[in-house]
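This note sets out points for a colleague's review of the two-chain model shown below. The points begin with the interface and then turn to the individual chains.

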Amino acid sequence: MSAETRVEVGPAADFEDGDAELVQVGRAEVGVIKADGKFYALRNQCPHDGGPVCEGKVEPRLVGEWGGPGERVEQEYDDDQCIISCPWHGWSFDIETGKHIGDDRYVLPTYEVVVEDGVVYVNAE
Amino acid sequence: MIDPSEHLVVDCDWHYADTFTQVAPYMPEPWKTKFQKSGWGGTGVKQNLSAFFPASTGNRFNYGKIEREFSEYPDGGDDKQDIVEGMDHLDIDVTLQISHLILAMGGISADDRRVEAFVEGYIDYMLEEVLDPDEGIYGLAPMPYHDIDASLDVLDRIEDEEAFVGVVMVTAGASPPLGNRKYDPIYERCEEEGYPVVYHTGGSGLDDYVRAGYQDMIETHTLGFLESNMSQIVSVACQGVAEKFPDLEIVFMESGVTYIPGLVSRINEEYLKRSEEAPLLEKKPGDYITDFYFGTQPLEVSARPDLLEVCFDMIGTDRMLYASDYPHWDFDSPSVITDLPMLSDEDRKNILGQNAVEVFDL
């Protein structure tokens with residue numbers, strides 16, 4: 001990755017889990033988020049109404065499993081799936097793929113994040 | 001006299017004043033987390049009630065997923081400045097204020113004067129502190145319609161007030177339905193004064209309508225508001241309100257648009273078979289309905305574009321009024337109208353503002 005195609009975000013050590021930092025990548029505002037120890041970058045514009053999705057809550061996805069006829073659906077938080085929810089209307093996206101959790105035709109563009117020498121960069125390409 | 005300390009004493013009704021904060025750490029997952037995210041601190045409901053044990057499945061907190069200001073109805077309430085800032089945020093020039101609290105009036109069964117008293121105070125408060133035609137902030141006066149005389153008193157109160165441009169009839173819980181002759185004096189007076197009647201759905205009775213026992217808000221919110229508007233549309237159309245009061249402007253608010261073609265089709269089908277039961281009608285009931293005005297929110301942007309096009313075509317873009325429902329959690333920005341590909345720019349302008357200017361004589 002050349003210096004021209006990446007945008008510096010800041011020291012990785014400045015991020016705690018759940019922190020988000022907004023950076024400009026080309027014409028797009030991008031949210032760089034640390035969740036569960038990993039970095040993600042998503043476009044900060046909800047495809048629904050343009051809301052600042054990266055300023056929303058990051059949390060594990062609530063999933064349910066049906067035990068069979070007459071059984072309640074057992075719900076639990078899946079620590080392997082992280083979602084981010086737009087603070088305006090609650091549209092939720094998989095933080096890794098950017099896909100809406102209810103309809104994967106809606107996709108939030110994602111960006112590659114690299115940490116080099118303790119500094120976080122977003123790949124602009 | 002005996003000494004209780006020497007005898008068995010059984011108190012059969014002691015209430016431990018537990019709080020959710022105390023109990024939550026002991027709850028199993030995922031309920032512990034659901035509670036902790038439920039926004040209980042900002043509900044505006046004290047006694048430590050929370051969105052975890054909501055009074056209704058109309059639980060808009062989404063377990064705390066949305067943190068946007070006002071998704072939780074803060075204790076302090078709005079003031080004029082909040083409206084000005086909201087209008088600026090959404091690029092809105094003129095707004096018609098509807099009381100949030102009055103939407104629950106349908107849940108009141110007591111035969112007292114609480115609704116009238118609230119409306120009386122609300123109107124004076126709004127005139128004194130909030131409404132301001134110079135800044136485009138107008139109001140719609142709630143009708144305490146269970147009492148016709150009280151409703152006419154409200155109309156007396158506002159008739160010289162430029163800031164009120166119409167009335168609100170809450171559709172949830174209205175009994176008898178709002179096409180009943182009982183309400184004729186209200187309609188007659190509104191027609192005389194040039195006040196459109198805005199039928200607004202409401203949250204009261206959400207859990208009793210159609211299916212008691214829904215579990216989540218997604219269920220009640222899909223049908224609850226819709227059902228209360230649909231049932232009143234059928235009554236108003238079939239009982240001939242539009243024939244009795246031909247100059248009365250009729251507006252239905254807050255149920256989206258996709259239900260209307262289905263309702264029109266069904267009511268016309270019934271009319272073909274039982275026309276004699278609606279003797280005041282000079283045309284099919286569906287033709288009256290498509291002469292009513294409809295607020296667009298919450299517009300079903302998820303619908304197939306060709307369905308949305310049919311809906312707009314049946315209702316008529318001259319009969320649609322942009323509504324934001326701001327600051328409620330599911331508000332619509334003006335972009336839901338401006339982004340619709342099948343509309344002409346003229347249609348967009350009409351829906352966003354021009355139709356309302358004509359209906360409400362702004």
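How many residue pairs are in polar contact across the interface of chain A and chain B?

1. The model is predicted. With both residues required to have pLDDT 80 or more, the rule finds four residue pairs in polar contact across the interface of chain A and chain B. Salt bridges between chain A and chain B number zero.

2. As to extent, 15 residues of chain A are in contact with 18 residues of chain B. The area buried between chain A and chain B is about 1500 Å², and carbon and sulfur atoms give 51% of that area. On the side of chain A that touches chain B, two elements give two or more residues: β5 (57–66) and β6 (73–85) of chain A. Of the elements on this side, β6(A) gives the most, with four residues. By class, the side of chain A that touches chain B has five nonpolar, six polar and four charged residues.

3. The secondary structure of chain A consists of ten strands and zero helices. Along the sequence, the pattern of chain A is β-β-β-β-β-β-β-β-β-β. Taken along the principal axes, the box filled by the C-alpha atoms of chain A is roughly 60 × 30 × 20 Å.

4. Over all chains, a search of the whole structure finds 18 salt bridges. One of the pairs within chain A is formed by E116(A) and R6(A), whose closest N and O atoms are 3.1 Å apart. This pair links distant parts of the chain: E116(A) belongs to strand β9 (residues 113–116) of chain A, R6(A) belongs to strand β1 (residues 6–11) of chain A, and the two are 110 residues apart.

5. Helix α7 of chain B has 22 residues and spans 31 Å from its first C-alpha to its last, which is close to the 32 Å expected at 1.5 Å a residue. Where does α7(B) bend? The bend is at E227(B) and amounts to about 25 degrees. Just after α7(B), G240(B) has a positive phi of about 75 degrees.

6. Two cis peptide bonds of chain B should be noted together. One runs from S175(B) to P176(B), with omega near 0 degrees; P176(B) is in the loop between β3 (164–170) and α6 (184–193) of chain B. Another joins Q297(B) and P298(B), with omega about -10 degrees; P298(B) is in the loop between β6 (293–295) and α11 (305–315) of chain B.

7. A further backbone feature concerns D91(B). Although D91(B) is not a glycine, it has a positive phi of about 60 degrees. D91(B) is placed in the loop between α3 (80–90) and β1 (95–97) of chain B.

Terms used:
Residues numbered from 1 in each chain as written. Chains lettered and ligands numbered in written order. Predicted model: local features only at pLDDT ≥ 70, side-chain atom pairs only at ≥ 80, totals over all residues. Heavy atoms only, no water. Contact = heavy atoms within 4.5 Å. Buried area = accessible area lost by both parts, 1.4 Å probe. Salt bridge = Lys/Arg side-chain N within 4 Å of Asp/Glu carboxyl O. Polar contact = N/O pair within 3.5 Å; in protein donor to acceptor, adjacent residues only side chain to side chain. Nonpolar A, V, L, I, M, F, W, Y, C, P; charged D, E, K, R; others polar. Expected span 1.5 Å × (residues − 1). Bend = angle between axes of the 7 residues up to and from the residue.
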